[in-house]
Amino acid sequence: MPRTPRIRKAPTARTARAVRTVAVAAAAALVARRALRHRIKASPLWPMPALETPVSGKGRDAQVTTTSRQLTVAERTEEAAGVVRLRLAGDGLPDWEPGAHIDLVLPSGAIRQYSLCGDPATPGSYTIATRLIEDGRGGSREVHERLHEGTAVEVRGPRNRFRLDECHAYVFLAGGIGITPILPMVRRAEREGVPWRLLYAGRSRASMPFLEEIEKLAAPGADRVTVVAEDEDGRPDLAALLAGAPPYAAVYCCGPEPLMDAVAALLPDAPEGLTLHTERFAPAAAPSPAPAADNVPFEVELHRTGRTVTVPAGTSILRAIRDQALPDLPYSCEQGFCGTCQQRVLAGEVAHRDELLTDAERDDSLLICVSRARDGGRLVLDL
Ligand code: FES
């Protein structure tokens, strides 16, 4: 059957108008997209700021945390003689695991680290406890004198450098306020049915926070908790505790430096395979002086800020960056043990001078309060 030939109609005026409108809209969208791309590239934040915790890659373990939140002191309790417990409340708080700590930005601007001692399963607040240190650097005095119910505080973190590894048995040792990271660990071990023992030492029972809860955790008749108040019982028998530890148990210790040093010294004579985990709130030793080759001026490029600063000999990277480019850059101890100043390195060779970072973390980050560029080379930081 012969086909009927198609007749192409001439476009009407209405169709021509529609085509023109679509073409103009497409051109406008193209121009807008180009303009937006140009503005993003011109922004000081280009390339996009790093994630708080990288989701992949070597930086994943470094956990360089800079996000801060405004929380409110929801509850303040005198936990023991000279110790206040604060519950800080806010919305959308990240989860945390036993051993984690937060950076608290005090009203003066000083930053201090406090272990979280509440229950990770309770959302919406973080709990910390602080002992007043009369001759300290002033942070604990600020907490005691200026943080009251209703006070707003800035908090960074949480971060965790004292993780509770999975193990078939735990031995916990806490001295005084060192109980704060240990307490959530004990609760976790108890909840999961993992055998544990705790030695908790302090100057006097009145000065030891959370004593009541800890004594309740010891099941009646079970010899799991040993409380040593030095004014009544003398020094704790650390050797006896470690001698009774199950082989290959994980030992977690937090407290004064002499306690942690004594435990480390006893470990070679303890049962086989014990692994010691400690958390320090002071450097184990003063950072060793930089070798002459590393104590020379060098340059640090701040990639996101688009500035380059010169670090003179004898001045830390932290000081140079704060003086020349970013006066609000956070820091706390300036001795390489708190981790507040950890930054990601994008290029350059680092002379690490801390005892905090793991080898994996050193692959792509540094503590800018103590570490320097190797041999006066140039560093590029993700700042
Ligand atoms: S400020 Fe504490 S490690 Fe640098």
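**View 1. Pro158 in strand β6 of the predicted model.** Pro158 belongs to strand β6, residues 152–160 (strands are DSSP runs of E, at least two residues, and helices are runs of H or I, at least four residues, numbered from the N terminus). The peptide bond between Gly157 and Pro158 is cis, with omega about 5°. Residues are numbered from 1 along each chain as its sequence is written. Because the model is predicted, local features need pLDDT of at least 70 and side-chain atom pairs count only at pLDDT 80 or more, whereas totals for chains, interfaces and linings use all residues.

**View 2. The largest nonpolar core, with 53 residues.** Such a core is a set of buried Ala, Val, Leu, Ile, Met, Phe, Trp, Tyr and Cys residues joined through C-beta atoms within 7 Å. Buried denotes 20 or more other C-beta atoms within 10 Å of the residue's own, exposed 12 or fewer, and partly exposed in between, with C-beta atoms placed from the backbone. Phe172 and Ile182 touch the most other members. Helix α3 (179–192) gives the most to this core, six residues.

**View 3. Surroundings of Phe172.** Beyond neighbours within four places in sequence, the contacts of Phe172 include Ile182, Met185, Trp196 and Tyr252 (contact: C-beta atoms, placed from the backbone, within 7 Å). A second, separate core of 25 residues includes Phe298 and Leu379.

**View 4. Two non-glycine residues with positive phi.** Phe210, in the loop between β8 and α4, has phi of about 65°. Phe210 is buried, with 22 other C-beta atoms within 10 Å. Asp375, in the loop between β17 and β18, has phi of about 55°. Asp375 counts as exposed, with 12 C-beta neighbours inside 10 Å.

Technical notes:
Contact = placed C-beta atoms within 7 Å.
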